[in-house]
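Please open the model in a viewer and follow the selections below in order.

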Amino acid sequence: MTDLAGKQFNSGESGQASQTIQLVQRYAEKIHAGITDDSKKLRDAELLMRRASFRLKGILSAATYEDRPALEVTLKQLNEVQSELLMQVFKK
């Protein structure tokens, strides 16, 4: 989803990209709410959050001033979910 948002930002479709970023936020919330004790699922979810954060940082560096706030909020949310997932992984 973050790759799609990046392509949308690059092609000048800020409205579409903002909607895609909102979807990323919703998916992060669902992953956060669905944290289980399954080590494999935790690790997979953590890797997904890490990759999404990395891609979002790249998008943020090239984003316009108007698009930055939504991207920063999403990046912060992804980082928080990733941190919590890591805590769960290493708790075991």
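Begin by selecting Glu 46, which counts as buried because its relative accessibility is 0%; buried means under 20% relative accessible area, exposed over 50% and partly exposed in between, with a 1.4 Å probe and protein chains only. This is a predicted model, in which local features need pLDDT of at least 70 and side-chain atom pairs count only at pLDDT 80 or more, while totals for chains, interfaces and linings use all residues. Residues are numbered from 1 along each chain as its sequence is written, and side-chain values use heavy atoms, with hydrogens and water left out.

Glu 46 lies in helix 3; helices are DSSP runs of H or I with at least four residues, numbered from the N terminus. Leaving aside neighbours within four places in sequence, Glu 46 is in contact (heavy atoms within 4.5 Å) with Gln 82, Leu 85 and Leu 86.

Next, select Phe 9, Ile 21, Met 49, Leu 56, Leu 71, Leu 78 and Leu 85, the residues with the most contacts inside the largest nonpolar core, which has 19 residues. Such a core is a set of buried Ala, Val, Leu, Ile, Met, Phe, Trp, Tyr and Cys residues joined through side-chain atoms within 4.5 Å. Helix 1 (2-10), helix 2 (14-33), helix 3 (39-62) and helix 4 (68-91) each supply at least two residues of this core, and the largest share, 7 residues, comes from helix 3.

Then centre the view on Leu 78. Apart from neighbours within four places in sequence, Leu 78 is in contact with Val 24, Ala 28, Met 49, Ala 52, Ser 53 and Leu 56.
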